[in-house]
Amino acid sequence: MSVKLTYYGHACFAIEGGGAVLIIDPFLSGNPMAAVQAADVNPDYILISHGHGDHLGDAIPIAKRTGATIISNFEIATYCQQQGVESVHPLHIGGGFNFPFGRVQLTIAHHGSALPDGSYGGNPAGFLLTIEGQTIYHACDTGLFYDMKLIGEKGVAVAILPIGDNFTMGPDDALRAVQLIEPQVVIPIHYDTFDVIRQDPQTFAQRVEQKTSAQCIILKPGESYELPASS
Ligand code: NI
Ligand code: MN
C-alpha cells in the first residue's frame, strides 16, 4: 500500500492511505486555485489547522454531507460541533492519537486562529502524520521556528511548507525550515492564491536542491505525489 497526496491548491491536500481518505484545510469554495469542488470530495476525516477562512474553508458543509470526522484543536472541534457536525475528534498541541488509518499529532505553528465569525479558534497548529509507516509534516500557516528541528528528528519523508510570505514563511525562511527538518521531499504550498503571496516555486525548488539533500516537488493543483509504504 502506498500513500497518495493530492494537492487541491493553497494549503489543501487529500491524503489516501491506511484505508482512509483525509482532507486537510479544505478551502475550495472561493479559492481561485481550487482543483476540485467541495461537493465532489468524500473524505473520511477532515483535518483543520486553524480557524482562518482559507483553511476552515468548506470543512463544515463537507462534514455534514459526508459524515466525515473533523480532527482539529479543541476550540475548532467544539465550534464545528456547535455548527451541527456530528463527529469530531479534538486534539491539542503536542498531543497525538492513533486513528485507524494512522497517527495524527498537532505541532506548534506561529500564526493566528480566529474563526470567520470572530469566535476564538484556539492556537493554530501543524500536523505530523504517520500513515503506512511514512511521516508527513504539514506545517500549515506558520513562521519559521527552530523547533522544526525537533520535528525533523523523527525522520520526515515529506514536508509540506508554506512559501508565500506575507502571512507565513516566505521562500528564504522555508529554505531554512528545510535545513532544520531535513525531509526527503519538500512540497511548497500557500503561494499564488492571492496577489500578495505570489512566488516562484521553481526558484525555490532550485535553491532547496542546491542547498539541501531534499528533493523539491512542485505540485500544480490537481496533481498527486505518491509515497511507497514503509515499515
Ligand atoms: Ni491563516
Ligand atoms: Mn492561510
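Predicted model: local features only at pLDDT ≥ 70, side-chain atom pairs only at ≥ 80, totals over all residues.
Ile 160 has Ile 187 in E12 as its bridge partner. Strand E11 covers residues 158-162 and strand E12 covers residues 185-189. The two strands run parallel and are joined by five bridges. Both belong to an open sheet of seven strands. The strand order is E7-E8-E9-E10-E11-E12-E13, and the pairing is mixed. Strand E7 (96-99) and strand E13 (215-216) form the edges, each pairing on one side only. In general, the strands of a sheet pair through backbone hydrogen bonds, either parallel or antiparallel.

The metal site was examined next. The manganese ion (ligand 2) is coordinated by two aspartates, Asp 54 and Asp 141, through OD atoms. His 55 and His 190 also coordinate the manganese ion, each through NE2. The nickel ion (ligand 1) lies 3.2 Å from the manganese ion (ligand 2). Asp 141 coordinates both ions. Asp 54 sits in helix H1 (residues 53-56), whereas Asp 141 sits in the loop between strand E10 (134-138) and H4, so the pair ties together parts that are 87 residues apart in sequence. Asp 54 and Asp 141 are both buried.

Three salt bridges are found in the structure. One of them joins Asp 172 to Arg 207, with the closest N and O atoms 2.9 Å apart. This pair links distant parts of the chain, 35 residues apart. Asp 172 lies in helix H5 (residues 171-181), and Arg 207 lies in helix H6 (residues 201-211). Asp 172 counts as partly exposed because its relative accessibility is 48%. Arg 207, at 27% relative accessibility, also counts as partly exposed.

Arg 198 and Asp 195 form another salt bridge. Here the closest N and O atoms are 3.1 Å apart. Arg 198 is partly exposed, with a relative accessible area of 47%. Asp 195 has a relative accessible area of 62%, so this residue is exposed.

Rolling a probe the size of a water molecule over the atoms shows where empty space is left. The largest pocket has a volume of about 190 Å³. Strand E8 (102-108) and helix H4 (148-152) each supply at least two residues of its lining. E8 gives the most, with four residues. By residue type, the lining divides into seven nonpolar, three polar and two charged. Among the lining residues are Gln 105, Leu 106, Thr 107 and Ile 108. Leu 150 and Ile 151 also line this pocket, as do Ile 93, Gly 94 and Leu 128. Phe 145, Asp 147 and Lys 154 complete the lining.

Notes. Residues numbered from 1 in each chain as written. Chains lettered and ligands numbered in written order. Heavy atoms only, no water. 1 Å grid on protein atoms, 1.4 Å probe; cavity = no way out; pocket = protein on both sides within 12 Å on 5 of 7 lines; lining within 4 Å. Points joined across faces, edges and corners; volume = space filled by probe spheres on them. Nonpolar A, V, L, I, M, F, W, Y, C, P; charged D, E, K, R; others polar. Donors = N, O, S within 2.8 Å, 3.2 Å for Na, K, Ca; no water. Buried < 20%, exposed > 50% of the residue type's maximum accessible area, 1.4 Å probe, protein only. Salt bridge = Lys/Arg side-chain N within 4 Å of Asp/Glu carboxyl O. Pairing = 2+ DSSP bridges.
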